[in-house]
Amino acid sequence: MHLPHRRRVNSTHRTYRSSYPKRISLSPRLLLAFFAGYADFPSATVRVYKDSPTPSMTQLLVTMMPLSVLCFLFAFLAGACVHSTPYQADSSSSVSSVPGPPHFVVYSDRYVAGLTGPPPASQIRGFNVFAISFLLLEGAWDKAQEWASLSASERSAVKAQYQAAGIKLIVSVFGATDVPTTTRADPVATADSVAAWVVQYGLDGVDVDYEDFAAMDAGDGKAEAWLVSFTRRLRVHLPQGTYILTHAPVAPWFTPNKYGGGAYRTVHAQVGSLIDWYNVQYYNQGATEYTTCNNLLWQSSSTWPGTSLFEIAYSGIPWEKLVLGKPANAGSASSGYMSTATLASCVQQARDVGWNGGVMVWQFPDAASSWIQAVRGSAFPM
């Protein structure tokens, strides 16, 4: 559970929305019918030349007319499709800005004296994703609000420093404070607002830390439907390959046959291809849950069966999309803490069998460069 500290700095903040044109799509059935109308074109051509070894100009024009009409219509339709798609950055001439695995993610929500916004990149060396937290339904709070309070030039300087260090900057939304399904927040409008904020403030993407437990426990599928709609809408504005989009589910939400709506198994089945990876929260789920390498990696307890790292992977979710999430210390969560030495041994075991998802931690400054260096160990040496 990620708890915002609910602190604003002395400046005002607004959330922003933007309008995007709707996508126009072509019916496959319409295209098939179109092709079918010209299915006998080659045979017609052969008949013309059989009947007249030396075809006249009129015969040639009649023969080629269907092809010219076809080409004209295709050119017209292609142009219409290109100009009706939502605006997005042209990534055709640039390398994808979404890093491949392993992912080493650190959240930042806590106020740090003397620091406004992200820390110097040197303090988080070894991480490659920094998640400022949180952007809530009512607007930005804590570190997200600090980021918005910086001037454009200050943000540009931080981004340049992080880019040089190979670190992506994303914003995490919701956390334990927001319950968007329960409060009936519109998923499309919410996604529009979040995406506009990400673009306006020059970030590399968004992490969806949805923790509406009441909605998920209801088992009526509304939580899953909300997440699916929200995720799809985010991708309209934050194109895959250009912007990072992650989710941070608690591990029990992968439990099979427990939730009426399927929880994150359903979310993955419907929009998993749009999600870059999962920052799985292996903490706050019980005093003895996910505290050994065995129940973290190989076989979870009977309380949350089927939710260890490899059990989730065996259920069909690519293991390179599964990032192990842990608290930085015992005080950062109610349960699930592992020492860096123990966690490093688990990471090494997983790495030995081919897993390369990475590690997530809650939160900076308790987890900084020395923490991730110890956890990466020899499995992912710095």
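The model is predicted: local features need pLDDT of at least 70, side-chain atom pairs count only at pLDDT 80 or more, and totals for chains, interfaces and linings use all residues. Residues are numbered from 1 along each chain as its sequence is written, and side-chain values use heavy atoms, with hydrogens and water left out.

**Overall make-up**
- The chain holds 13 helices and nine strands. These are DSSP runs numbered from the N terminus: helices are H or I with at least four residues, strands are E with at least two.
- Of the 382 residues in the chain, 49% are buried. Buried means under 20% relative accessible area, exposed over 50%, and partly exposed in between (1.4 Å probe, protein chains only).
- Among contacts with a separation of 6 or more, 81% join residues 24 or more positions apart. A contact means heavy atoms within 4.5 Å.

**The disulfide**
- The count is one disulfide, defined as a pair of cysteine sulfur atoms within 2.5 Å.
- Cys-293 and Cys-346 form it, with sulfur atoms 2.0 Å apart.
- The pair links distant parts of the chain, 53 residues apart: Cys-293 lies in helix H10 (residues 293-298) and Cys-346 in helix H12 (residues 340-352).
- The torsion about the S-S bond of Cys-293 and Cys-346 is about -95 degrees, so the disulfide is left-handed.
- Cys-293 is buried at 12% relative accessible area. Cys-346 is buried at 0%.

**Asp-178**
- Asp-178 sits in the loop between strand E4 (168-175) and helix H6 (187-200).
- Asp-178 is buried, with a relative accessible area of 8%.
- Its side chain reaches the backbone nitrogen of Leu-137 at 2.7 Å.
- Leaving aside neighbours within four places in sequence, Asp-178 is in contact with Leu-136 and Leu-137.

**Helix H9**
- Helix H9 spans residues 263-271, and its buried residues are Ala-263, Tyr-264, Thr-266, Val-267, His-268 and Val-271.
- Their cover includes helix H7 (213-218), helix H8 (222-237), strand E6 (244-247) and strand E7 (277-281).

**The second largest pocket**
- A pocket is an open set of points on a 1 Å grid over the protein atoms alone, where a 1.4 Å probe fits, with protein on both sides within 12 Å along at least five of seven lines; lining residues have an atom within 4 Å of a point.
- The lining of the second largest pocket includes Ser-97, Asn-128, Lys-159 and Asp-204.

Note on methods:
Polar contact = N/O pair within 3.5 Å; in protein donor to acceptor, adjacent residues only side chain to side chain.
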